[in-house]
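Biologist: I would like to learn how to read charged contacts and open spaces in a protein model. Could we go through them together, one feature at a time?

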Amino acid sequence: MKAIIQRVSKASVSVNGEIISSIENGLCVLIGIKRDDTLNDMEYIVKKILNTKVFESDDGKKWAASVKEKKYEILCISQFTLYHILKGNRLDFHRAMHAHEAEIFYNKFLTQLSEDYDSEKIKDGKFGAMMEVNIQNSGPVTLEIESSVLSD
């Protein structure tokens, strides 16, 4: 499982020109799910999203507060293209989990994130839809976290 985490001052996702979710300060997280991901992978990514210190603390110290500590929102977007392989100039997505299984896994991920944090602060796009994602990256800060590392 892979997460591209961006610290944002605002972000939104639209489907067919209609905004379906939006947040102010927080994280916009692009989520990729690969074929052999497990609940351990999911738990690792949830822990990292909630606890990685990417925000300034209330006393002004940089890199000292997590989204959970700041009580900010999280906008999650499922993105199978994170598990691509380039074959020449052609894209191959065989490492990504099949859509039906991935949707179930992604929904479990959202449930886990909501249980470990505050369900009202968790927003998402529409699985499988063509989406427009607007991100106002703050910093800019962008991190890539992959569960296959599982080192800490």
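**Salt bridges and a pocket**

Modeller: Before we start, please keep in mind that this is a predicted model. Let us begin with lysine 34, which counts as buried because its relative accessible area is 15%, under the 20% limit.

Biologist: Which residue forms a salt bridge with lysine 34?

Modeller: The general idea is to look for a side-chain nitrogen of Lys or Arg within 4 Å of a carboxyl oxygen of Asp or Glu. In this structure aspartate 36 is such a partner of lysine 34, with 3.7 Å between the closest N and O atoms. Aspartate 36 itself is exposed, with a relative accessible area of 53%, whereas lysine 34 is buried.

Biologist: How many salt bridges does the rule give?

Modeller: The count comes to eight salt bridges. One of them joins the side chains of glutamate 56 and lysine 62, at 3.8 Å from N to O. Here glutamate 56 is partly exposed, with a relative accessible area of 39%, while lysine 62 is exposed, at 58%.

Biologist: What is the N to O distance between aspartate 58 and lysine 70?

Modeller: That salt bridge has a distance of 2.9 Å. The pair links distant parts of the chain, since aspartate 58 sits in the loop between helix H1 (39–51) and helix H2 (67–70), and lysine 70 lies in helix H2, twelve residues apart. Aspartate 58 is exposed, with a relative accessible area of 75%. There is also a network to notice, in which salt bridges that share partners join Lys34, Asp36 and Asp37.

Biologist: Now for the open spaces: what is the volume of the largest pocket?

Modeller: The general idea is that rolling a probe the size of a water molecule over the atoms shows where empty space is left. In this model the largest pocket has a volume of about 360 Å³. It is lined by 19 residues, and those closest to its centre are Ser78, Gln79, Phe80, Ala129 and Met131.

Biologist: Which elements give two or more residues to the lining of the largest pocket?

Modeller: They are strand S3 (26–32), strand S4 (73–78), helix H3 (99–116) and strand S8 (131–146). Among these, S3 gives the most, with three residues.

Biologist: How many nonpolar, polar and charged residues does the lining of the largest pocket have?

Modeller: Sorted by class, the lining holds 14 nonpolar and five polar residues, and no charged residues.

Notes: Residues numbered from 1 in each chain as written. Predicted model: local features only at pLDDT ≥ 70, side-chain atom pairs only at ≥ 80, totals over all residues. Heavy atoms only, no water. Buried < 20%, exposed > 50% of the residue type's maximum accessible area, 1.4 Å probe, protein only. Helix = DSSP H or I, 4+ residues; strand = E, 2+ residues; numbered from the N terminus. 1 Å grid on protein atoms, 1.4 Å probe; cavity = no way out; pocket = protein on both sides within 12 Å on 5 of 7 lines; lining within 4 Å. Points joined across faces, edges and corners; volume = space filled by probe spheres on them. Nonpolar A, V, L, I, M, F, W, Y, C, P; charged D, E, K, R; others polar.
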